[in-house]
Amino acid sequence: MYKVLIVDDEPVICEGLKKSVPWDRYQCEVVGTAEDGLEGLEKMRELRPDILFSDIAMNNMDGLAMVAAIRSEYPDTQVCLLTGYRNFEYAQRAITLGVTRFLLKPSRMSEIEEAISAMTQRLGAARDTQTEVVDSLWDMQKDEERYLYETFLKECPDSEDPQESAAGRSRNMGANGYVVKSALEYMLANYRSKLTLTDVADHCFVSSWHLSRLLNQYTGRGFFEIINQIRIDEAKQLLTGTADRVSDIAEAVGFLDVAHFSRIFKTFTKVSPKEYRSGQKPLSLDK
């Protein structure tokens, strides 16, 4: 039997799907329900369902963020998203993440059963196709996204796990790319604070271990190397674009200790902050 989890902040919908759908006909069993995204993630990790039916908009979590986290950690899970409004962009992003079906509420029973049939067929047969979707997640017209992509992803020689099958890559590449993009964007937005790997993992709704693995896999770098690269790149801008003291710049980019800042800066640029400001700077990729 295939295990099914239903997540929706309207209890009537959870109960309606649980009781009205002929699950036995498709060798399925509803093993749990949840009324919000965080509870849904907990149930996913506890019950390990094969199929997820989930609302796309809930009180405490964007449904797409939850799906990305789930598809990243559990690439074999089949997902059907439910929504009460039409949104073509959401539908496109859902497909990129590997969602099997995207249904409008209220859905006809024939649509629900067709989705179940499609998902059980996918579970029963391994797919051996690989879809390159990582690049499509990034908008190169936006300066911040272009900076992150070109700095951390463009030159990475391999964004695939050598131990993962082609079928596995095709199922979770979009979700992994989404999680990595979300993590990098969060780090760029919050690098001035005392940020930890756990903070970023919580934001992406994945475990710290899993996020660390993804960052290394997709960028070739660890968390601290990435956050320090962002801080040093910003410091380079401030050193050449302002007359602020080095100590003030160090604090502005998230370093509490100017001596530590100077050591990290020299590690990345091969020169001290003062030397960089005076013009002795090597070629580097600036924003």
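Predicted model: local features only at pLDDT ≥ 70, side-chain atom pairs only at ≥ 80, totals over all residues.

User: How many helices and strands does the protein have?

Analyst: The protein has 13 helices and seven strands, taken as DSSP runs numbered from the N terminus (helices H or I, at least four residues; strands E, at least two). Of its 287 residues, 49% are buried, meaning under 20% relative accessible area with a 1.4 Å probe, protein chains only.

User: How do I read a pocket?

Analyst: Rolling a probe the size of a water molecule over the atoms shows where empty space is left. A pocket is an open set of points on a 1 Å grid over the protein atoms alone, where a 1.4 Å probe fits, with protein on both sides within 12 Å along at least five of seven lines; lining residues have an atom within 4 Å of a point. Here the second largest pocket holds about 380 Å³ of space, the volume being the space filled by probe spheres set on the points.

User: Which residues lie nearest the centre of the second largest pocket?

Analyst: Arg93, Leu137, Tyr178, Lys181 and Glu185 do, out of 16 lining residues. Helices H3 (63-73), H4 (88-96), H7 (166-190) and H8 (197-204) each give two or more residues to this lining, and H7 supplies the largest share, five residues. By class, the lining has seven nonpolar, five polar and four charged residues (nonpolar: Ala, Val, Leu, Ile, Met, Phe, Trp, Tyr, Cys and Pro; charged: Asp, Glu, Lys and Arg; polar: the others, Gly among them).

User: And helix packing?

Analyst: Two packed helices are described by the angle between their axes and the distance between the axes. The axes of H8 and H9 (residues 208-219) come within 9 Å and cross at roughly 95 degrees, the angle running from 0 to 180 degrees between N-to-C directions of lines fitted to C-alpha atoms over the stretch in contact. H8 and H9 are therefore roughly perpendicular (65 to 115 degrees). Leu197, Thr198, Val200 and Ala201 of H8 meet Ser208, Leu211, Ser212 and Leu215 of H9, with contact meaning heavy atoms within 4.5 Å. That contact has five nonpolar, three polar and no charged residues.

User: At what angle do H10 and H12 pack?

Analyst: H10 (residues 223-241) and H12 (residues 258-269) pack at about 95 degrees, with axes 10 Å apart. That makes H10 roughly perpendicular to H12. Their contact divides into seven nonpolar, three polar and two charged residues.

How values were computed: Residues numbered from 1 in each chain as written. Heavy atoms only, no water. Parallel < 35°, antiparallel > 145°, perpendicular 65-115°, else oblique. Buried < 20%, exposed > 50% of the residue type's maximum accessible area, 1.4 Å probe, protein only.
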